[in-house]
Amino acid sequence: MLHYIIVFLISMVPLIELRGAIPYAVGFHCNMVWAYIIAILGNMLPVPFIYLFARKILIWGKDKKFIGKFFTFCLEKGEKGGRKLQAKSGKGLYVALMLFVGIPLPGTGAWTGTLAASILDMDFKKSVIAVLLGVILAGVIMGLASMGIFGAIGAIFAPK
């Protein structure tokens, strides 16, 4: 039970998110169906709050003495991600948001994607759905990678 609580908590941490929670679950031999569901729930829990409040809090705190640099960094990262997403996507902005969240690279998770959606004033419901689908995709990719399936497929098809 403790490992599932840790999976839930890890999946809520910015920048680590589900990308860290799934390998943790694999490493501790958790039931992957339950770990996957719990990691998705943990990763998605902050999303509505990020969309509704993060931009306001970051703008408020960017000129504060102790937190200003970090808040400015987060705001700039969200703005940069949002501009990049918008430039590349055209009319497929929500598909691009899903892929941005779903491709498990550093800084492209639910936190950054949701902040970018908020900064771009994207529709709340469509943004949450796109982020959820991205988190599901990232979970599948991380699960397969963590369990060594990509390595096994590579070994099967590698030239001999």
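Author: Buried means under 20% relative accessible area, exposed means over 50%, and partly exposed lies in between, with a 1.4 Å probe and protein chains only. Before going on, note that this is a predicted model, where local features need pLDDT of at least 70 and side-chain atom pairs count only at pLDDT 80 or more, while totals for chains, interfaces and linings use all residues. Residues are numbered from 1 along each chain as its sequence is written, and side-chain values use heavy atoms, with hydrogens and water left out.

Reader: Is Cys30 buried or exposed, and how many disulfides are there?

Author: Cys30 is buried too, with a relative accessible area of 10%. A disulfide is a pair of cysteine sulfur atoms within 2.5 Å, and by that rule the count is zero.

Reader: How should I read empty space in a model?

Author: Rolling a probe the size of a water molecule over the atoms shows where empty space is left. The work is done on a 1 Å grid over the protein atoms alone: a cavity is a set of points where a 1.4 Å probe fits but cannot get out, whereas a pocket is an open set with protein on both sides within 12 Å along at least five of seven lines. Lining residues have an atom within 4 Å of a point. Grid points are joined across faces, edges and corners, and a volume is the space filled by probe spheres set on the points.

Reader: What is the volume of the largest pocket, and which residues lie nearest its centre?

Author: The largest pocket holds about 390 Å³ of space. Its lining has 18 residues, and Pro14, Phe70, Cys74, Trp111 and Leu115 lie nearest the centre. Helices α4, α5 (68-89) and α7 (110-119) each supply at least two lining residues. Helices (H or I, at least four residues) and strands (E, at least two) are DSSP runs, numbered from the N terminus.

Reader: How does the lining of the largest pocket divide by class?

Author: The classes work like this: Ala, Val, Leu, Ile, Met, Phe, Trp, Tyr, Cys and Pro count as nonpolar, Asp, Glu, Lys and Arg as charged, and the others, Gly among them, as polar. For the largest pocket that gives 15 nonpolar, two polar and one charged residue.

Reader: And what lines the second largest pocket?

Author: That pocket has about 280 Å³ of space, and its lining includes Lys77, Lys80, Lys84, Lys88 and Phe100. Helix α5 gives the largest share, seven residues, and α5 and α6 (93-102) each supply at least two. By class, the lining of the second largest pocket has three nonpolar, five polar and four charged residues.

Reader: How many cavities are there?

Author: There is one cavity of 30 Å³ or more, and the largest cavity has a volume of about 40 Å³. Leu15, Glu17, Arg19, Leu105, Gly107, Thr108, Gly109 and Thr112 line it, which makes two nonpolar, four polar and two charged residues.

Reader: Let's turn to aromatic rings. How many pairs are there?

Author: Rings of Phe, Tyr and Trp (its six-membered ring) pair if their centres lie within 6.5 Å; planes under 30 degrees apart count as stacked, over 60 as edge-to-face and the rest as tilted. The count is three aromatic pairs. One of them joins Tyr24 and Phe28, tilted, at 4.5 Å centre to centre and 40° between the planes. Tyr24 is buried at 18%, while Phe28 is partly exposed at 43%. Another is the edge-to-face pair of Tyr51 and Phe124, at 5.1 Å and 65°. Tyr51 lies in helix α4 (residues 47-61) and Phe124 in helix α8 (residues 124-146), so this pair ties together parts 73 residues apart in sequence.

Reader: Which residues form salt bridges?

Author: A salt bridge is a side-chain nitrogen of Lys or Arg within 4 Å of a carboxyl oxygen of Asp or Glu, and there are two. In one, Asp121 meets Arg55, with the closest N and O atoms 3.1 Å apart. Asp121 lies in the loop between α7 and α8 and Arg55 in helix α4, so the pair ties together parts 66 residues apart in sequence. Asp121 is exposed at 57%, and Arg55 is partly exposed at 26%. The other joins Asp63 and Lys64 at 3.5 Å, N to O.
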